[in-house]
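Please read the points below beside the sequence and the coordinates. They are meant as a colleague's note.

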Amino acid sequence: MEKPAIIDHLFSDFLKEHKVQVDILREDLLHPQISGNKYWKLKYFIKEAQEKNYNTLISFGGAYSNHIHALAYTGKKFGFKTIGIIRGEELAAKERNPTLYDAEQYGMKLDFISRKDYKMRFDTKFLDTIKKKHPNSLIIPEGGAGDTGEKGVVDMIGRIQNISQYNYILVCSGTSTTAIGIAKAVKDSETKVITVPALNLRQTLLNVNDRLVKYGIDPLISWQEYTFGGYGKFPDELRSFCKDFQKEYNILPDPVYTSKGLYGLLDKISQGYFKKGTKILFVHTGGLQGWRGYNKLSD
Ligand SMILES: *Cc1c(COP(=O)(O)O)cnc(C)c1O
């Protein structure tokens, strides 16, 4: 599963003119089914489940969750049963979307619950009842969040030689687990971490930064103006951006996360946010399976 890091340099007149270097860490190429950060966040959960001899992995997600998709595949690959607890009981009777269709194909059992119950996913009593029902299982928080998930992300960055050459590492956020893991990985260097949330994470990021500062780690810089209306929102402007970006650089962003991050990055560069000679590493966290939930990039 783990491969050496692939880093591409972006070349364009636009970047030349602004005298910044943008490199892309191609975690979208990690694996055809488990792209990007999702594998890294699952890594130490799998290890824990192996060490404790559990036979089942359980986690939470929405109907389009890349995390659920990755868990279903990874679980199968490592010989675990998997259960996905999915937000929205009304979905149980409906035809599966591509994400959930795959998950079932990989052997995951889907358990659809109401939005009200889904809100309890961090509640210890609620988790205890799940654990009682499935005693031989590891319950993984939504998005692989927390120390265990962050530890795998530290490994993702650890593969890169010379990471301290970068002034900034940019990554998109849902739970912020990946961004926190990156901040932990570069804590002893001058490299700063910028996150572009794909949904409104104002409060989450305040909490995240409190936690980081307590660890003696620099807080994340966040650009909160590129959510495009919220999670899963994909207006025409963003769709055309993806098309143009792919044409110019031959790299396809995903519709939910990296499209917003790359849009934000190029926007800030055009505003002169970075001084001349700045080196930036953008983490392409994958998520390309998400395109199937949207119309393709047709002309
Ligand atoms: C899940 C996901 C993210 C967000 O990762 P978090 O660790 O939850 O912040 C970013 N990009 C892609 C493509 C994802 O699938």
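In which helix is Arg115 found? Arg115 is found in helix H5, residues 115-118, where helices (H or I, at least four residues) and strands (E, at least two) are DSSP runs numbered from the N terminus.

1. Basis of the note. This is a predicted model, in which local features need pLDDT of at least 70 and side-chain atom pairs count only at pLDDT 80 or more, while totals for chains, interfaces and linings use all residues. Residues are numbered from 1 along each chain as its sequence is written, and side-chain values use heavy atoms, with hydrogens and water left out.

2. Surroundings of Arg115. At 45% relative accessibility, Arg115 counts as partly exposed; in the terms used here, buried means under 20% relative accessible area, exposed over 50%, and partly exposed in between (1.4 Å probe, protein chains only). Leaving aside its neighbours within four places in sequence, Arg115 is in contact with Arg87, Gly88 and Glu90, contact meaning heavy atoms within 4.5 Å. Arg115 and Gly181 lie 66 residues apart in sequence, and their C-alpha atoms are 29 Å apart in space.

3. Helix H8. Gly181 belongs to the buried residues of H8, which also include Thr177, Thr178, Ala179, Ile180, Ile182 and Ala183. Helix H8, residues 177-185, is thus described as mostly covered, with seven of its nine residues buried. The buried residues of H8 pack against helix H2 (37-51), helix H7 (147-158) and helix H9 (202-214), and also against strand E7 (168-173), strand E8 (192-197) and strand E10 (279-284).

4. On the domain 1 side 21 residues are in contact with 19 residues of domain 2.

5. Area of the interface. Domain 1 and domain 2 bury about 1,800 Å² between them, with 57% of it on carbon and sulfur atoms; buried area is the accessible area (1.4 Å probe) that two parts lose on being put together, summed over both. Of the area that domain 1 buries against domain 2, Thr148, Gln289 and Arg292 supply 28%, more than any other three residues.

6. The rule finds two salt bridges across the interface of domain 1 and domain 2, a salt bridge being a side-chain nitrogen of Lys or Arg within 4 Å of a carboxyl oxygen of Asp or Glu. Asp102 forms a salt bridge with Arg292, and the closest N and O atoms of this pair are 3.0 Å apart. The elements that give two or more residues to the side of domain 1 that touches domain 2 are H7 and H8, and H7 gives the most, with seven residues.

7. Salt bridges of Arg26. A search of the whole structure finds 16 salt bridges. In one of them the side chains of Arg26 and Asp8 meet at 2.7 Å, N to O; this pair links distant parts of the chain, with Arg26 in strand E2 and Asp8 in strand E1 (residues 7-9), 18 residues apart. Arg26 counts as buried because its relative accessibility is 11%, whereas Asp8, at 26%, counts as partly exposed. Arg26 also forms a salt bridge with Asp28, the closest N and O atoms being 2.9 Å apart, and both Arg26 and Asp28 are buried.

8. The side chains of Lys187 and Asp188 meet in a salt bridge at 3.7 Å, N to O. Lys187 is partly exposed, with a relative accessible area of 46%, and Asp188 counts as exposed at 74% relative accessibility. Salt bridges that share partners join Asp147, Glu150, Lys184 and Arg211 into one network.

9. Positive phi values. Lys19, a residue other than glycine, has a positive phi near 55°, and its place is in the loop between helix H1 (13-18) and strand E2 (21-26). Lys19 counts as partly exposed because its relative accessibility is 48%. Asn162, likewise not a glycine, has a positive phi of about 65° and lies in the loop between H7 and E7; at 53% relative accessibility, Asn162 counts as exposed.
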